Amino acid sequence: MFRPNYAQDAPPDHIEVGGASYAVKVDFRVWIDVIDMVRELFMRVETVEDARHNAEVLQRIQMAAFGGVLEDERPEDVLRAVMEFARGYPSMVGGGADSAGGEEKDDEILSFDYDINYLVLAIQNQSGIDLSYRRTEPFHWWEFLLQVRALCGDHYILRVMETRASDSKDKDVRRAKRRLRLPHKPTAEEQRQIDELHAAFGD
């Protein structure tokens, strides 16, 4: 049996970085923001400006996740630990936060950010858990991921995801797919390419 698992192990409230343990904010709303901020990082650092940009983004990530910057830890170790935590409980059927938040391809089928209202309603309808603005206690990110992955039946968000993923040639399905398509949020790498094209063509 995989460990940790929800049957035997409470979701963690600390993250280990460089051999030290740090208390972490666990609420799902925090981690939706953290995942969004990770998209702002340059995977390839080509200039001093890129490095400065990444340092600023990583500081914001740490402020959100830990409430402060881990000054004694290497940035790459902090980012690796944050991304490991973001995956949630281990699973044999697909990846963690990335796959739940949208497949890395042209058409994403789920966004925690844009689809949050429908996810909150589906979880409440299925499990009776209120994750709306009324909730004042944190709801652990790992438990939120489990709730999202366990959604089944005829929830609206599942039908939306099915439509977004469809490759049907039917005109009505294609029209619905265009209507439900998520707005694309470019990563830092994609935005750099866009900026380079604009500069090359004088836009």
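Student: In which segment is Pro4 found?
Tutor: Keep in mind that this is a predicted model. Strand S1 covers residues 14–17. Pro4 is found in the segment before S1.

Student: What kind of peptide bond joins Arg3 and Pro4?
Tutor: Most peptide bonds are trans. Here omega is about 0°. The bond between Arg3 and Pro4 is cis.

Student: How many helices and strands are in the protein chain?
Tutor: Read along the sequence, the pattern is β-β-α-α-α-α-α-α-α-α-α. That makes nine helices and two strands.

Student: What share of the residues counts as buried?
Tutor: A residue is buried when its relative accessible area is under 20%. The protein chain has 203 residues. The buried share is 39%.

Student: What part of the accessible surface belongs to carbon and sulfur atoms?
Tutor: The accessible surface of the protein chain comes to about 12,600 Å². The part that belongs to carbon and sulfur is 52%.

Student: Among contacts between residues at least 6 apart in sequence, what share joins residues at least 24 apart?
Tutor: This figure is for contacts within the protein chain. The share is 64%.

Student: How many aromatic pairs are there?
Tutor: Rings pair if their centres lie within 6.5 Å. By this rule the count comes to 11.

Student: Is the pair of Tyr6 and Tyr89 stacked, edge-to-face or tilted?
Tutor: The ring centres are 5.7 Å apart. Stacked needs under 30 degrees between the planes, and edge-to-face needs over 60. The planes of Tyr6 and Tyr89 make 55°, so the pair is tilted.

Student: How many residues apart are Tyr6 and Tyr89?
Tutor: Tyr6 is in the segment before strand S1. Tyr89 is in the loop between helix H3 (75–86) and helix H4 (97–101). The pair links distant parts of the chain, 83 residues apart.

Student: Why does Tyr89 count as buried?
Tutor: The cut-off for buried is under 20% relative accessible area. Tyr89 is buried because its value is 5%.

Student: Which residues do ring pairs link into a cluster with Tyr6 and Tyr89?
Tutor: Ring pairs build this cluster. Besides Tyr6 and Tyr89, the members are Trp31, Phe85 and Trp142.

Student: How many salt bridges does the structure hold?
Tutor: Side chains of opposite charge can pair when their charged atoms come close. The cut-off between nitrogen and oxygen is 4 Å. The count is 15.

Student: Are Arg164 and Asp115 buried or exposed?
Tutor: These two form a salt bridge, with the closest N and O atoms 2.8 Å apart. Arg164 is in helix H7, and Asp115 is in the loop between H4 and helix H5, 49 residues apart. Both Arg164 and Asp115 are buried.

Student: In which helix do Asp172 and Arg175 lie?
Tutor: Asp172 forms a salt bridge with Arg175. They are three residues apart, about one turn of the helix. Asp172 is exposed at 52%, whereas Arg175 is partly exposed at 45%. Both lie in helix H8.

Technical notes. Residues are numbered from 1 along each chain as its sequence is written. This is a predicted model: local features need pLDDT of at least 70, side-chain atom pairs count only at pLDDT 80 or more; totals for chains, interfaces and linings use all residues. Side-chain values use heavy atoms; hydrogens and water are left out. Rings of Phe, Tyr and Trp (its six-membered ring) pair if their centres lie within 6.5 Å; planes under 30 degrees apart count as stacked, over 60 as edge-to-face and the rest as tilted. Helices (H or I, at least four residues) and strands (E, at least two) are DSSP runs, numbered from the N terminus. Buried means under 20% relative accessible area, exposed over 50%, partly exposed in between (1.4 Å probe, protein chains only). A salt bridge is a side-chain nitrogen of Lys or Arg within 4 Å of a carboxyl oxygen of Asp or Glu. Contact means heavy atoms within 4.5 Å. Accessible areas come from the Shrake-Rupley method with a 1.4 Å probe; for residues, only the protein chains shown count as cover.
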